[in-house]
Amino acid sequence: VVTVKGPRGELNRSFTHMNMDLRKKGEKHIQVDVWFAKRKQLACVRTVCSHIDNMIVGVTQGFCYKMRFVYSHFPINVSLSGKNVEIRNYLGEKLVRRVKLCDGVDYVRTADVKDQIELSGNDINAVSLTAANIQQTTKDVTHDIRKFLDGIYVSWKGNAEITEA
């Protein structure tokens, strides 16, 4: 179990399902060991290192996904209702689509840019999962995607706090 603490909060992740040794070496290094591994177990080493790197970036800078509304005729209305994102008037339908925000994800309607929302949080898995759920909710399978582009799409993803290094 890896716990990472930083100025933005704390993240926990369990890697008990993988057969490997995790050791803290000094203040800034973690050693990952796998003994007598086959190809698939060796691939898991890099995956675990990437997960830990994402946790460190999450508690220091955070992650932000910007999503834009694309429509040709019927304007898409998106609002926040409790912990749910409500999508109305998609393709002129009366159906209200609801997407639950994952824990630790903040929703902001961008004031300076029309038809844009921002999802931000410390856990990249929660932020990207929420963005994917919103995008898939407005996926139109009945029309040709080359002509009908209506939907909500991720337009930018990066760190929530931009630091000058």
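Start by selecting Tyr153, which counts as partly exposed because its relative accessibility is 33% (buried is under 20% relative accessible area, exposed over 50%, partly exposed in between, with a 1.4 Å probe and protein chains only). Tyr153 sits in strand 11, residues 151-159 (strands are DSSP runs of E, at least two residues, numbered from the N terminus).

A word on the model: it is predicted, so local features need pLDDT of at least 70 and side-chain atom pairs pLDDT 80 or more, while totals for chains, interfaces and linings use all residues. Residues are numbered from 1 along each chain, and side-chain values use heavy atoms, without hydrogens and water.

Now colour by pLDDT (the predictor's confidence in each residue, from 0 to 100). The average is 91, and 98% of the residues score at least 70. Confidence is lowest in strand 4 (residues 29-33), with a mean of 89, and highest in strand 8 (residues 97-100), at 96.

Next, pick Arg23 and Asp33, whose side chains form a salt bridge at 3.1 Å, N to O (a side-chain nitrogen of Lys or Arg within 4 Å of a carboxyl oxygen of Asp or Glu). Arg23 belongs to strand 3 and Asp33 to strand 4, so the pair ties together parts 10 residues apart in sequence. Arg23 is partly exposed at 37%, whereas Asp33 is buried at 14%.

Move on to Glu86 and Arg88, with their closest N and O atoms 2.7 Å apart in a salt bridge. Glu86 is buried at 8%; Arg88 is partly exposed at 36%.

Technical notes. Helix = DSSP H or I, 4+ residues; strand = E, 2+ residues; numbered from the N terminus.
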